Amino acid sequence: QVQLVESGGGLVQAGGSLRLSCAASGRPSSNYAMGWFRQAPGKEREFVAAISGSGGSTYYKEPVKGRFTISRDNAKNTVYLQMNSLKSDDTAVYYCATGPTIATLSSGFWGQGTQVTVSS
């Protein structure tokens, strides 16, 4: 069983930055892909960014390209999401996920989420 714990969320003004972290414990595989999803009030959960097991490949939802950066430290079993130039539309609960491949993230293991609120 894999446990994921997100941290780093909070309240920030539009244009500001936050860095989310997600630490994996239990029996995670450093070869597993990791990613971030988010769910805004009244909306469905959506993909934000993902990174391959090696860290060599990254993928982003179009609206966050150029503003968000996903990275990982396999020695710490941790994935990060650096979020810059935040907008009110980025307000959501952010969830970390991990799974064998990027394509199977949504059916893998999930964290409990961390709230990000961007005030305009």
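This is a predicted model: local features need pLDDT of at least 70, side-chain atom pairs count only at pLDDT 80 or more; totals for chains, interfaces and linings use all residues.
Reader: What makes Asp 90 count as buried or exposed?

Author: Its relative accessible area is 1%. Buried means under 20%. So Asp 90 is buried.

Reader: Where in the chain is Asp 90 found?

Author: Asp 90 is in the loop between strand S8 (78-83) and strand S9 (92-99).

Reader: Which residues is Asp 90 in contact with, leaving aside its neighbours within four places in sequence?

Author: They are Arg 38, Arg 67, Phe 68, Ser 85, Val 116 and Val 118.

Reader: Why is the pair of Asp 90 and Arg 67 called a salt bridge?

Author: The rule asks for a side-chain nitrogen of Lys or Arg within 4 Å of a carboxyl oxygen of Asp or Glu. Here the N to O distance is 2.8 Å. The pair therefore meets the rule. Asp 90 sits in the loop between S8 and S9, and Arg 67 in the loop between S6 and S7, 23 residues apart. Both Asp 90 and Arg 67 are buried.

Reader: What makes the approach of Lys 87 to Asp 90 a polar contact?

Author: The backbone nitrogen of Lys 87 lies 2.8 Å from a polar atom of the Asp 90 side chain. The cut-off is 3.5 Å. The distance is therefore within it.

Reader: How many salt bridges are there by this rule?

Author: The count is five. One of them joins Glu 46 and Lys 61, whose closest N and O atoms are 3.2 Å apart. Glu 46 lies in strand S5, while Lys 61 lies in the loop between strand S6 (58-60) and S7, so the pair ties together parts 15 residues apart in sequence.

Reader: What makes Glu 46 and Lys 61 partly exposed?

Author: Glu 46 has 27% relative accessibility. Lys 61 has 24%. Both values fall in between, so both residues count as partly exposed.

Reader: How do Glu 62 and Lys 65 stand against those cut-offs?

Author: Glu 62 has 56%, so Glu 62 is exposed. Lys 65 has 45%, so Lys 65 counts as partly exposed. Their side chains meet in a salt bridge, with 3.1 Å from N to O.

Reader: Which residues are linked in a network of salt bridges?

Author: Arg 38, Glu 46, Lys 61, Arg 67 and Asp 90 are.

Reader: What is the strand order of the open sheet?

Author: The four strands run in the order S1-S3-S8-S7, with antiparallel pairing.

Reader: What makes S1 and S7 edge strands?

Author: Strand S1 (2-7) and strand S7 (68-73) each pair on one side only. Neighbouring strands in this sheet are turned by 15 degrees against each other on average, direction ignored.

Reader: How do you know that S1 and S3 pair?

Author: Pairing needs at least two bridges. Six bridges join S1 to strand S3 (residues 18-26). So S1 and S3 pair, and they run antiparallel. Leu 4 stands opposite Ala 24 in S3.

Reader: What joins S7 to S8?

Author: Six bridges do, and the two strands run antiparallel. Leu 81 in S8 is the bridge partner of Ile 70. In their hairpin four residues lie between the strands, and Asn 77 takes a positive phi near 50 degrees.

Reader: Which residues form the covered face of S7, and which the uncovered one?

Author: Phe 68, Ile 70 and Arg 72 form the covered face. Thr 69, Ser 71 and Asp 73 form the uncovered one. In a regular strand, side chains alternate between the two faces of the sheet.

Reader: Which residues have the most contacts inside the largest nonpolar core?

Author: Trp 36, Leu 81, Met 83 and Tyr 94 do, in a core of 25 residues. S3 supplies the largest share, four residues. A second, separate core has five residues, among them Ala 33, Ala 50, Ala 97 and Leu 105.

Reader: What makes Ser 107 count as buried or exposed?

Author: Its relative accessibility is 61%. Exposed means over 50%. Ser 107 is therefore exposed. Ser 107 lies in the loop between S9 and strand S10 (109-110). A polar atom of its side chain lies 3.0 Å from the backbone oxygen of Thr 104.

Methods
Residues are numbered from 1 along each chain as its sequence is written. Side-chain values use heavy atoms; hydrogens and water are left out. Axes are lines fitted to C-alpha atoms, for helices over the stretch in contact, and angles run from 0 to 180 degrees between N-to-C directions. Buried means under 20% relative accessible area, exposed over 50%, partly exposed in between (1.4 Å probe, protein chains only). A polar contact is a pair of N or O atoms within 3.5 Å; within protein, one must be able to donate a hydrogen and the other to accept it, and residues adjacent in sequence count only if both atoms are side-chain atoms. Contact means heavy atoms within 4.5 Å. A nonpolar core is a set of buried Ala, Val, Leu, Ile, Met, Phe, Trp, Tyr and Cys residues joined through side-chain atoms within 4.5 Å.
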